[in-house]
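Let's take a walk through this structure together. Keep the picture open while you read.

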Amino acid sequence: MRFLAEILGNLGIGAQQALALALLLPFFPLLLLIRRRIRETGRPPLRAISGYAALQEYLGQSAESGQAAHVSMGTGGIGTTVTAESLAGLTVLQHVAEYSEATGLKTIATVSDPSLFPAALDVMRQAYEARGYALAFDPTSVRFISPNRAAYAAGVMDILAHAGVGCSLMVGNFGDEFLLMAEVGGRNEVRQVGGTTSALILPFVYASVDETLLGEEIFAAGAYLRQRASHLASLAAQDWLRTGIILAIVVGAVLRSLV
Amino acid sequence: MRMIFRPFAVGMRRSLPMAIAIAMGALILLDFFFDEPRINALGRFFVESTVIVAGFALLLGIVNVLVVHIRRIIQREDGWLYSIALVATAVIVLVAGIPGPDSAVVGWIFDHVQFPLQAATFSLLAFFVATAAYRGLRLRSLESVAFVLAAVLVLLGQVPASRYLTDLIPAAKDWILNVPSTAGVRGIIIGVALGTVATGIRVLLGFDRPYSGGGEADQ
C-alpha cells in the first residue's frame with residue numbers, strides 16, 4: 001500500500017483523486033464488456049419502475065385526448081454540478097420528442113438554464129428531421145423561461161394552468177420550486193411524473209405527483225424508455241459497483257469492530 | 001462533386017462534435033487527476049471558456065422568449081396581454097442595463113421588483129406544502145402508509161408536549177431520523193453518485209451524444 005501511495009504521490013495523484021480513480025477505473029471495462037454481452041445475447045430483464053410505465057401511459061392518454069405534454073429538465077444545466085441530472089431529463093425529452101413526432105402529440109419543453117436550451121432544441125428538431133418531417137417542427141415547442149428559479153416556476157405554472165397540458169414530466173435537478181409547479185399541475189388535474197436526485201426535495205416530489213422516480217432511477221431513463229445497450233450496460237455496471245461498495249462497507253465495519 | 005462531399009459533410013457533422021466532446025472530457029479528467037502545470041492551465045482555460053458559450057446560449061434563450069411571446073401577441077392567444085407586459089419589461093430592463101449591470105436603475109429594479117416578486121412566489125410554498133401534504137398523505141399503497149406513519153411520528157416527536165404523553169414518541173422520532181431516514185438518504189446518495197459516473201462515462205465514450213441530439217441506436 002505504501003509503495004502504491006508513493007507511485008501515486010509521484011504522479012501528483014492525491015487521496016481524493018485516488019478514490020475517484022478507484023471508482024472510475026473498474027467502470028470502463030465493466031461497461032464495455034457488459035454492453036458487448038448485451039448486444040450478443042439480448043436485453044436483460046429489468047425490474048419494473050412504475051414511474052416509467054406511468055410516463056408511457058400518460059403520454060398515450062394525452063395524445064388520445066388532444067392535450068399537450070409538458071417536459072421539464074429541471075433548473076440545472078450542462079457544465080454544472082448537476083449535469084448528469086439534466087442529461088437524464090434530456091433523455092426523457094428525446095423519448096417524448098420521438099413519440100410526439102409519431103403521434104402528433106403537442107410537446108412543450110421548458111428549460112431554466114440557458115446551456116440546456118440549444119441541446120433541448122436540437123433533440124426536438126432531430127426527432128422530426130430523422131423521419132423527414134423537418135418542416136413540421138415548431139421551434140417554440142422548446143421554451144427558455146428564466147435562470148431564476150422563482151421565475152421559472154411561475155412560467156411553468158402558467159403553462160400547466162393555461163396551455164391545455166394533459167401530462168407533465170419533470171425529471172432533473174429541482175429545488176423548492178418543484179412543489180409550486182407540481183401543486184398547480186395537481187389542481188389542474190394534470191397527470192404528473194416527477195424525478196430528482198435531491199434527498200431534500202424527494203419528499204415534496206413524492207407527495208405532490210402521481211408517480212415518482214427516486215434518485216438514481218432518473219438515470220435509468222435510457223434503459224427503460226430507449227432500450228439502449230449502453231444504458232442497460234451502465235445499469236448493470238452500477239449494480240456490480242454498488243455490490244462492491246456494500247461489501248467494502250460491511251467488511252470495513254467488521255474489521256473496524258475487530259481491531 | 002456534391003456526391004463526394006455530402007457523405008463527408010454528414011460524417012463530419014456526426015463525428016466532429018463527438019471527437020471534440022471526447023477530447024475535452026479526457027483533458028478535464030486528466031486535469032483533475034494529474035498535477036501537471038500545462039495540463040492544468042489548458043483545463044482551466046477551457047473551463048473558463050464555457051462562460052462565453054453560456055453567454056451565447058443565454059442570448060439564444062432571450063430570443064426564444066421574445067419570439068414565443070411576440071407570436072402570442074400577434075395571434076391573440078390566451079394570455080396575450082401578459083405577454084405584452086413581459087416583452088415591455090424585457091425591453092425596459094434591457095435598456096436600463098445598457099450602462100452596465102451595476103447601474104442605479106437596474107439596482108432599483110432588482111431591489112423593488114425582482115426580489116419582492118421572488119419572495120412572494122416562494123411564500124406560496126407554505127400553503128402549497130399544506131395542500132401537498134393533504135394530497136400526499138393519502139393511503140394509496142404500502143409505501144404511503146409508511147410515509148404517513150413516519151410523518152405523524154416525527155411531527156409529534158418534534159412537538160415538546162409529546163414528551164408528556166410518553167417518552168416513546170420522541171425516541172421513535174429520533175430513531176426514524178437517525179436510522180431508516182439517514183440510511184435511505186445515504187443509499188440514494190451512493191446510487192446517485194454511481195449514476196452520475198455512469199452518465200459521464202457514457203458521454204466520454206461517445207455512447208451518449210446530447211450535444212448532437214442523438215446517441216446510440218435504440219435496441
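Among contacts in chain A between residues at least 6 apart in sequence, 70% link residues that sit at least 24 apart. Two residues are in contact here if their C-beta atoms, placed from the backbone, lie within 7 Å. This is a predicted model, where local features need pLDDT of at least 70 and side-chain atom pairs count only at pLDDT 80 or more, while totals for chains, interfaces and linings use all residues. Residues are numbered from 1 along each chain as its sequence is written, and chains are lettered from A and ligands numbered from 1 in the order in which they are written.

Now for the parts: chain A has ten helices and six strands (DSSP runs numbered from the N terminus, with H or I and at least four residues for helices, E and at least two for strands). Of its 259 residues, 54% are buried, with 20 or more other C-beta atoms within 10 Å of their own, these atoms being placed from the backbone. The domain assignment, which is automatic or from a database, gives domain 1 (51-225) and domain 2 (233-259) of chain A. Their C-alpha centres are 34 Å apart.

How many residues of chain A are in contact with chain B? There are 58, and they meet 56 residues of chain B. Helix H10 (229-258) of chain A is one of the elements that supply at least two residues to this side, and H10(A) gives the largest share, eight residues. The touching side of chain A divides into 32 nonpolar, 16 polar and ten charged residues. Ala, Val, Leu, Ile, Met, Phe, Trp, Tyr, Cys and Pro count as nonpolar, Asp, Glu, Lys and Arg as charged, and the others, Gly among them, as polar.

Note on methods: Buried ≥ 20, exposed ≤ 12 C-beta atoms within 10 Å, placed from the backbone.
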